[in-house]
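Thanks for asking me to look this over. Here are my notes, in the order I would read them with the model open.

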Amino acid sequence: MSFMEPFRIKTVEHLPNPTREERLKLLHESGYNPFQVKDKYVTFDLWTDSGTAAMSHHQWAAMLETSEGCISPDSFDTFADTINRLTGFPHILPVHQGRAAEHILFSVLAEPGSTVFSNTMYITGRANAELNGAVVVDVPSQQVEGGDFNGDLDCVRLQEELRRVDVGKSMVVMTLTSNNQAGQPVSMANIKHVSEICKTHDVSLFMDGCRFAENAYFIKTRTKVYRDVSARDIALEMFSHFDGMYMSAKKDGLCNIGGFFATRLSDVYGQFKRRMTYTEGNPSYGGLSSRDLEAVAVGLWEGTDDRYLKYRIEILAMFGDILKKAGVPIVEPVGSAIYINAARCLPHIPTEQYPAWALHCALYIEGGIRCSHVHDVLKVDSTNKREDPQPQHFIRLSIPRRTYTLSHLIHIGDIFKNVLEKRGSISGFCIKNSSGHYFSAVMEPVRKCFVG
Ligand SMILES: Cc1ncc(COP(=O)(O)O)c(C=O)c1O
């Protein structure tokens, strides 16, 4: 069967279309920092897949039909019933986005002396755990070239680590799919094993479930016994091994805002519920309007549908193939996003001249593409000295859900091809002013003419 997007388009948003000269000028004015270029001048914004999904007519209709209220709105019942059906967790609380749930959960469960173990902890989860005095330890599995489940957690290391910490204050968070492991999925076998270890040591196990539906579909396609099981049933089985989860609905929830916390632990639920009133508001709306709650409920249902997930996972894989054909070195197999080894794309640019930054700037000039970086400038100080002894130069292309069509991605493949054809003319960069964060760094090309 050939590929097709399983939707038709009702509302059209015109793609921003600055000329090459305008892009050159904008990039120069931004201090050669694509993160400083206004969204309206970015043709393909692949910086994030978070909050960038196109919502469906069912979501918009549910938003219009609901009434606004905050004491006991119907929208909360719809929201909680949907999440209960999808996850099996009895206690559900809305929050305005994922990091709000992290903030509240860790203020309940983390304290000085706590250790939080993870396959890889997302940056805001780490920051929120550390804010409460916890130490976060990533125990990712060894990456297997071409491995199906490179998001797994290393169970041997977890057991060793649990022997040396205060288990009474510790917990495990599994991130699905594993953002910092190139968006790779976690296997059902690994989830079960981690859950058994947690039970043996009496340690609670939570899921950062931003991309749980994609993870479930990867399990379906990459594990023989799950071939004929729906993603929703696979997800239910995944959740049965956890004590609870938090989720940013801005990813697999197909929403532009929203999130939730769900658990089977009634004491944690009670504490979360009390604390959330200080930062998110009443537990029946959690910083969201009724229309947001409705959009999340419908979005979560659509985002776990097999037909939708087949399209989503296939378009990611097809985009990977398009890029490979264009000669782009990508991380394989493709997970929830595309990771590109910029150092291999631009071998003439030494590590201290930031090949990922150079590739990003060249992509913006060539076709108005914005992406994100993994390591590179994120890990250096203003003296251009690298903190990381093993620098990796990757860019990440995140694909907003239901937003770009296959022909957009084919076009992006052509932009990459053009960039690689003139790679010799692309200059490295130096930091003019790091200002402590890549978002506002001012950069300068090492050569006068930085791209041909
Ligand atoms: C794995 C993961 N966890 C948590 C978050 C935080 O979610 P939010 O941006 O809704 O606060 C993100 C956001 O990108 C994420 O990718």
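1. A charge sits over a ring if NZ of Lys or CZ of Arg is within 6 Å of the ring centre and within 35 degrees of the ring normal. Keep in mind as you read on that this is a predicted model. In it, Arg232 places its charged end over the ring of Trp301, at 3.8 Å from the ring centre.

2. Aromatic pairs are worth a look next: the structure holds 15 of them. In one, Phe35 and Trp357 have ring centres 6.1 Å apart and planes at 70°, so this pair is edge-to-face. The pair joins distant parts of the chain, 322 residues apart: Phe35 is in the loop between helix 1 and strand 1, while Trp357 belongs to helix 14, residues 355–367. Are these two partners buried or exposed? Phe35 is buried, with a relative accessible area of 8%, and Trp357 also counts as buried, at 0%.

3. Now for another pair, Trp47 with Phe439. Their ring centres are 5.6 Å apart and their planes lie at 75°, so they too are edge-to-face. Here 392 residues separate the partners: Trp47 is found in the loop between strand 1 and helix 2, and Phe439 in the loop between strand 13 and strand 14. Trp47 counts as partly exposed, at 30% relative accessibility, and so does Phe439, at 29%.

4. On to the strands. Strand 3 (residues 115–118) pairs with strand 4 (residues 135–138) in the parallel sense, over 4 bridges. Within this pairing, Ser118 stands opposite Asp138 of strand 4. Between the two strands the chain passes through helix 5, residues 123–131, and this β-α-β crossover is right-handed.

5. Finally, the ligand. How many residues surround the ligand? There are 14, and the closest are Gln97, Arg99, Asp208, Ser248 and Lys251. Asp208 has a side-chain N or O atom 2.6 Å from a nitrogen atom of the ligand.

Definitions and conventions: Residues are numbered from 1 along each chain as its sequence is written. This is a predicted model: local features need pLDDT of at least 70, side-chain atom pairs count only at pLDDT 80 or more; totals for chains, interfaces and linings use all residues. Side-chain values use heavy atoms; hydrogens and water are left out. Two strands pair if DSSP finds at least two bridges between them. A crossover is right-handed if, with the strands pointing away from the viewer, the path from the first strand over the helix to the second runs clockwise. Rings of Phe, Tyr and Trp (its six-membered ring) pair if their centres lie within 6.5 Å; planes under 30 degrees apart count as stacked, over 60 as edge-to-face and the rest as tilted. Buried means under 20% relative accessible area, exposed over 50%, partly exposed in between (1.4 Å probe, protein chains only). A residue is near a molecule or strand if one of its heavy atoms lies within 4 Å of it. A polar contact is a pair of N or O atoms within 3.5 Å; within protein, one must be able to donate a hydrogen and the other to accept it, and residues adjacent in sequence count only if both atoms are side-chain atoms.
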